[in-house]
Amino acid sequence: MNFQKSQALFSRAEKHLVGGVNSPVRAFRSVGGNPLIIRRGSGAWIEDADGNRYIDLVGSYGPLILGHSHPTITSALNEALNNGTSFGATTEIEIKLAELVKEAFPGMDKVRFVNSGTEAVMSAIRLARGFTGRNKVIKFAGCYHGHSDFLLAQSGSGLMTFGMPTSAGVPEGTVKDTLIAKFNDIESVEAIFREHGKAVAAVVTEPVAGNMGVVVPENDFLKKVQELSHRYGALLVVDEVMSGFRKNFGGAQAEFGVEADITCLGKIIGGGLPVGAFGARAEIMDKLAPLGGVYQAGTLSGNPLAMTAGYYTLKYLQEHPQGYQHLMQMTERLETGIKKAVADAGAPVTVNRFGSMINPFFTSHHVKDFDSASTSDTAAFARFFWGLIQNGVYIPPSQFEAWFVPMIIQEDELDKIIAAVRIALND
């Protein structure tokens, strides 16, 4: 493949953007080489600046469950554009999207829209602290909840990719109330509650960790976390920014038999435009301004274009349950195909999956937490990444990011992915 135009454009980007990117993982530092510059997408495919085409398993890191340029979404956005791009005032479409989100998450009485998943979780934690009158927060090593200061302690995603336990510029005092437990290790949570129980405002977790790869809770872990939280008077904050709507119309919570006190959302609920949200029962949400004393605001929150893309995406998912059936069949087939290719190649690879999120870890260990994910051979992954690129498959440029299978994927495209995996494993 020729990447001449992508390389030239990235050299230009490096002069004007920090590292040539606006989000670190896009810089390809963990896989080497120059990033691809993408110019268009359609269905399950994207095309780079040189005209190379790829089946896309990144999907803008999750939002594009319906694929690129879905006609339902583009048509709705074109109509919305004719009415204006932003008002800084309430519009009917954000009310309609809130109603739809509440249908998907019955435990919510009210919703607050923001502009990113980072903002959603940051605001949810502030709300939990305001509601409980406590300061400390428990999070799990390897779980990434955005780049707010107090949550950048042993995070996953880009920080894990770069081997950074935290971030420069985060004052020690900012993270002193952030307590780190181990995912899938309930004893580590119990130990923290025994020592700090009366000071803990919330436990924040992804129901399925998606920023250290794909790590699924085991042995009723989430149920036990919920029970401990409530026993000590803390709230359970569940970050479904990534897992929401990935397996069904709703969240992963129902899959594991828990219901969050506060749920955070993003990605799919914006249909590819910047969005975030958090919601809870009324007694919690009414602590927010303008009804309560917990302040949160955003000039572009509830932007009508983002609300339009989100509403028509969720409406499509709600009205096409057969789409989820197809998506689960395709992702299960992909998982089976990768596992067979791994076995045939004799490669030390472990494949984890939740719904339409999947990730092969380049390790022989069972991956259930940050430590086991960290045993992955990132150099082997980098070779595998470029092997897929050369064979027309685009995946996240990090061992520790989930692959997202789009609902639009077809069997012939799946065959191409599995064939590319076989070649890449044997290169």
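Tutor: A crossing of helices is left-handed if the near helix is turned anticlockwise from the far one by less than a right angle, and right-handed if clockwise. This is a predicted model, where local features need pLDDT of at least 70, side-chain atom pairs count only at pLDDT 80 or more, and totals for chains, interfaces and linings use all residues. Residues are numbered from 1 along each chain as its sequence is written, and side-chain values use heavy atoms, without hydrogens and water.

Student: At what angle do the axes of H2 and H10 cross, and what is the handedness of the crossing?

Tutor: Helices (H or I, at least four residues) and strands (E, at least two) are DSSP runs, numbered from the N terminus. Axes are lines fitted to C-alpha atoms, for helices over the stretch in contact, with angles from 0 to 180 degrees between N-to-C directions. The axes of H2 (residues 71–81) and H10 come within 9 Å. They cross at roughly 150°, and the crossing is right-handed.

Student: Which residues of H10 make the contact with H2?

Tutor: Contact means heavy atoms within 4.5 Å. H2 brings Thr72, Ile73, Ala76, Leu77, Ala80 and Leu81. From H10 come Leu305, Thr308, Ala309, Tyr312, Thr313 and Tyr316.

Student: How many charged residues are in the contact of H3 with H10?

Tutor: The axes of H3 (residues 92–104) and H10 come within 9 Å and cross at roughly 35°. H3 passes H10 in a left-handed crossing. The contact includes Glu94, Lys96 and Glu103 of H3 and Lys315 of H10. By class, it has eight nonpolar residues, three polar and, as charged (Asp, Glu, Lys and Arg), four.

Student: Is Thr308 buried or exposed?

Tutor: Thr308 is found in H10. Leaving aside neighbours within four places in sequence, Thr308 is in contact with Ala76, Leu77, Ala80 and Ile93. Buried means under 20% relative accessible area, exposed over 50%, partly exposed in between (1.4 Å probe, protein chains only). At 6% relative accessibility, Thr308 therefore counts as buried.

Student: How far apart are the end C-alpha atoms of H11?

Tutor: H11 has 25 residues, 321–345. The expected span is 1.5 Å times one less than the number of residues, so H11 should span 36 Å. The model agrees, with end C-alpha atoms apart by 37 Å.

Student: Which helices are among the elements that cover the buried residues of H11?

Tutor: The buried residues of H11 include Tyr324, Leu327, Met330, Leu334, Glu335 and Ile338. Their cover includes strands S11 (350–354), S12 (357–361) and S14 (403–404). It also includes helices H10 (304–319) and H14 (411–426).
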